[in-house]
Every structure is written in structure tokens, then in C-alpha cells.
Amino acid sequence: MNKKKMTLHLKIWRQANAQAPGRFVLYTVKDLSPDMSFLEMLDVLNEELTKKGELPVEFDSDCREGICGTCGFVINGVAHGPRRGRTVCQLYLRDFQDGQTVTLEPFRAKAFPVIKDLVVDRSAFDRIMAAGGYISVDTGSAPDANSILIPKEVAEAAFDAAACIGCGACVAACPNASASLFVSAKIAHLALLPQGQPERHRRVLKMVAQMDKENFGNCSNHGECEAVCPKNISIKYIALMRRDYLRALLAK
Amino acid sequence: MALWPRSSVAKKFLNGLTGVGLTLFIIVHLAGNLLLLTGNPDDFNRYAHKLESLGPLLWLAEIGLALFFIVHIFSALSVYVDKLRARPVRYAVSGNAGGASRKTISSQTMIVTGLVLLLFVPWHVASLKFGPGVEEGYVAIVDGLLVRDLHSWVIEYFQNPVHVALYVLVMLLLGLHLRHGVWSMIQTLGAYHPRLTPLWYTGGVVFALVMAVGFLVIPIWIYVNGAKI
């Protein structure tokens, strides 16, 4: 294992709050282990800043095992950084060169206003979910697990879409700041299952309408979203969303 | 349902649908143009005359085509305006994640290549279709009929190196537009298939190349061969 210590130069976007203008600040962090995660490296930087009496760099993180969707910012122009299929918390310093300058920016979209530094407000996603990303079920005792039979292929296809952790990297990476990958994954996840059928048309119309209301851009099929998605969610779900949307519109 | 949709998905759908129509149009257009290279001026003049003699049918087709252009342009502009609004603060560093990304120079310049084509089309139609005809003496006899000698005018038109250079440049940009446009319109219409999508993604590149080369070879050929053809 490579135990050589590394140094990184970080150009980090610092912004006090949503209204304040932001700017890049250069930090150098020394004596880093290549086996550290990227967020651990930021923890080290923040310790140093705190000791010096400066404000630490704000960033979001929770589980730090790539499954919660809390973390995420843009590293050298790519959301979640240079490795495919992982969140920024699952990124390690061995993917960087000793002495490299790394630029850290928050996800940039009108729908994701910066709260502070690298932290953005992704509640637009919550409002899209509230608009239709659910199924309505009667309360009462839990239904029998096998009362609705679902073929394994269908269950797996639905799960591929349901793997979306809602991190927002798709929006960040999209040249148009479109939320199509997120919204389509959520639509597809339910549209592929029998439980999602009764509200299928209503759901796609409402979720797309809310997506537009939140000021996300339109989809130009750049496919950059799929490339940065930590869960490798395919743009095939965007095609599915479009088919479903058209069907719902014609049925209206 | 209003005539002009408000939702992003519907607007993009119109863009894809009109894209399909315009793509089919340029295929037919290129096939017609290739008649310029047969060595017999009658072939092209006969074709042009047959088109013109369709009368009201041709006008209908032309109005339809114009509508396709207009809807394609407005839906594209709406995507572009939404994009500008959706990211008011731009990234300092922009990257390409590679892998599954289809972000290319072509996909990122659709609005530019599209606007160049928008400027090109009226100039192109005015100088060739509405160029000099029978009244100006461009007359040919084809199959015993007195028809407009569009062939001679096209040959004459492309003796000007500036015209040739501009056409070649615009056709290269058309190729760049089609390189993303062809696969993108299929995806926009909701057609995705794990095996077919890579096929039409690559097929789109080949198609773009064939169309660009097909169109730009004609003015070059005419210029190089001079008034001989």
C-alpha cells in the first residue's frame, strides 16, 4: 500500500449565505494519506481552520458509505468527482495526484440555491416527490407480501430506477440544469410496478409540472447525468418518462 | 391541451418530432441534388420541373416544411432560454464525466449550429429557388417541354468561390448539428433500447457525415469541373 503522504491545493467556493456573493479561496492541505476519503480530507482542513479561528468549509454528508444521497459537490467540473458510480464520500485521495490543484464548487442551479459554501438547498426534489412520487394505499393491517405477484425482471427493472438516492448530481452535471434523470427515475420506479398503475398518468403529469415550476431546465439528451450518477441510473428512464407523459396527455 | 405546450417534456417532444421531419426532408433534398452530378443537365431540370408542376401540392408541402422549421426553432429556443434561466451562476471549471456521457461539442453547440442554418436557409432559398429563371433566359428543353434551366444557374452560381466556401462551411455545421440531433430526436420521442440506442447513436454520426459530405461535395465538384457539366 502506498503510504507516501500527499499535499493537495484546494480552490474552494466560499459563500456566507444565499444572498452573499461567493468567491474561491485557496487552501493547501499537507500530510494527507492517499487512503483517506475526500471528505476526511475536508475534515482535516476544517480542523485546521477551526484551530486558526476561521470558519470551517460547510459541506453536506451523512452516511459516508454512498447510500444516503446527502453529500455531493462538483470537483474539477464533474459532480461527485472523477470516479464513476460513486458519491463524493466514496472518493479517495488515491484518485488524485500529489500537489494537484482541485476546484470545489457547489451544485449550481437556480433550483438549488446555495445555503453556505458547498451546501445547497435541494428541497425542490422534495416538492417534486410530494407532487406525485408516491402511491396511495388504504391504511389498515399490512397486505400479504405475495398478494401481488411481480416477476423478478420487473422487480429488478423497478429497483434499478429506485436506486436513485436523490443526491442531485444529475442536475449539477446537466448543461441545462435539468432534473429529468431524477424525476424520470422516480416516475419509472413506480410506473414499472403494479402498485404504481392507478396513479400512473396523474403522477407523471404532476411531477413534470412541479419539475418545471421549480425552474429546472429542459433535457437536451447530453447524457452527462447518467455519467455522474452514483447509482448509474440510465437515461432510458427519461425516455420512459417521455412516453408516459405523452400517453397521459393524450388520455386526458 | 393548448396549441403551444407549456411543459418541458411536450416542448422537447415537438422539437424531436419536427427534427424527424426535417431530417427526412434533407434526405430527399440530397437525393434530388445528386441529380446535378449525373452529367446530363436534363436529369436535374426534369426533376426540378416535376416538383414545380406539382403546383398546390408543392405549396402545401412547402408550408408544411416551413411550419416544421418554425416549430423546431421555437421549441429549441425555449430549451435554450430555460437553460439560461436554470443556471444563473455558471461553473468556474466545466468537465466531462466520460463514460455514459453523450455530451459533445455537437450537443453543446446545437443552438449555434441551428441558428447558422436558420440564417443560411433564407439566403439559400432566395439565391437558388428564387434565383433567375425563364424570364432571365435560363431555359432548357426537356422531353420536348420548355422548362426553367435551374441546372445552368446552379452551375453558374457555384463558379463563385465565396459561395462554394460558405456552402461547405454551413454543410459542415449541418453535419455537427445532425451528429447530436439524429440520436437525440429518437431519444426525445421516448425510444430507448439497450441494443438499438447505441446503434442509432453511432448511426447518427455516420448519417451526419454522409449528409454533410454529400451536400458539400456538390458545390466543390461543380467549382472544380467549371462550366463543363
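Predicted model: local features only at pLDDT ≥ 70, side-chain atom pairs only at ≥ 80, totals over all residues.
1. Domains of chain A. The domain assignment divides chain A into domain 1 (6-105) and domain 2 (123-251). Taken over C-alpha atoms, the centres of domain 1 and domain 2 of chain A are 30 Å apart. The two are in contact through 13 residues of domain 1 of chain A and 11 residues of domain 2 of chain A. On the domain 1 side of that contact, five residues are nonpolar, six are polar and two are charged.

2. The five-stranded sheet. Chain A has an open sheet of five strands with mixed pairing, and the order is β2-β1-β5-β3-β4. The edges are taken by β2 (23-32) and β4 (78-79) of chain A. Each of these two has a single partner strand, so one side of each is left without a neighbour in the sheet.

3. Pairing and packing on the sheet. Within chain A, strand β3 (residues 74-75) and strand β5 (residues 101-105) run antiparallel and are joined by two bridges. For A:Val74, the bridge partner in β5(A) is A:Glu105. Helix α1 (residues 38-51) of chain A packs on the sheet, where it touches β1 (6-14) and β2 of chain A. The direction of this helix makes about 100° with that of β2(A).

4. Two residues with positive phi. A:Arg64 is not a glycine, yet its phi is positive, at about 55°. A:Arg64 sits in the loop between α1 and β3 of chain A. A:Asp117, also not a glycine, has a positive phi of about 45°. A:Asp117 lies in the loop between β6 (114-116) and β7 (119-120) of chain A.

5. Are these two residues buried or exposed? A:Arg64 has 16 other C-beta atoms within 10 Å, so it is partly exposed. A:Asp117 has 23 C-beta neighbours inside 10 Å and therefore counts as buried. The cut-off for a buried residue is 20 or more such atoms.

6. The largest nonpolar core. This core has 81 residues, and those with the most contacts inside it are A:Cys170, A:Val171 and A:Val228. Its largest share, eight residues, comes from helix α5 (residues 180-191) of chain A. Domain 1 (6-105) and domain 2 (123-251) of chain A each supply at least three residues to this core. In soluble globular proteins, nonpolar side chains tend to be buried together.

7. Around A:Val171. Setting aside neighbours within four places in sequence, the residues in contact with A:Val171 include A:Phe107, A:Ala109, A:Ala111 and A:Phe112. Also among them are A:Ala177, A:Ser178, A:Ala179, A:Phe182 and A:Phe216.

8. A second core. A separate core of 25 residues includes B:Phe44, B:Val154, B:Leu176 and B:Ile186.

9. Contact between the chains. Chain B gives 38 residues to the contact, and chain A gives 39. On the side of chain B that touches chain A, the elements giving two or more residues are α1 (8-33), α3 (56-86), α4 (105-108) and α7 (161-188) of chain B. The largest share of that side, six residues, comes from α1(B). By class, the residues on the chain B side are 16 nonpolar, 13 polar and nine charged.

Key: Residues numbered from 1 in each chain as written. Chains lettered and ligands numbered in written order. Pairing = 2+ DSSP bridges. Helix = DSSP H or I, 4+ residues; strand = E, 2+ residues; numbered from the N terminus. Contact = placed C-beta atoms within 7 Å. Axes fitted to C-alpha atoms, helices over the stretch in contact; angles between N-to-C directions. Buried ≥ 20, exposed ≤ 12 C-beta atoms within 10 Å, placed from the backbone. Core = buried A, V, L, I, M, F, W, Y, C linked by C-beta atoms within 7 Å. Domains from an automatic or database assignment. Nonpolar A, V, L, I, M, F, W, Y, C, P; charged D, E, K, R; others polar.
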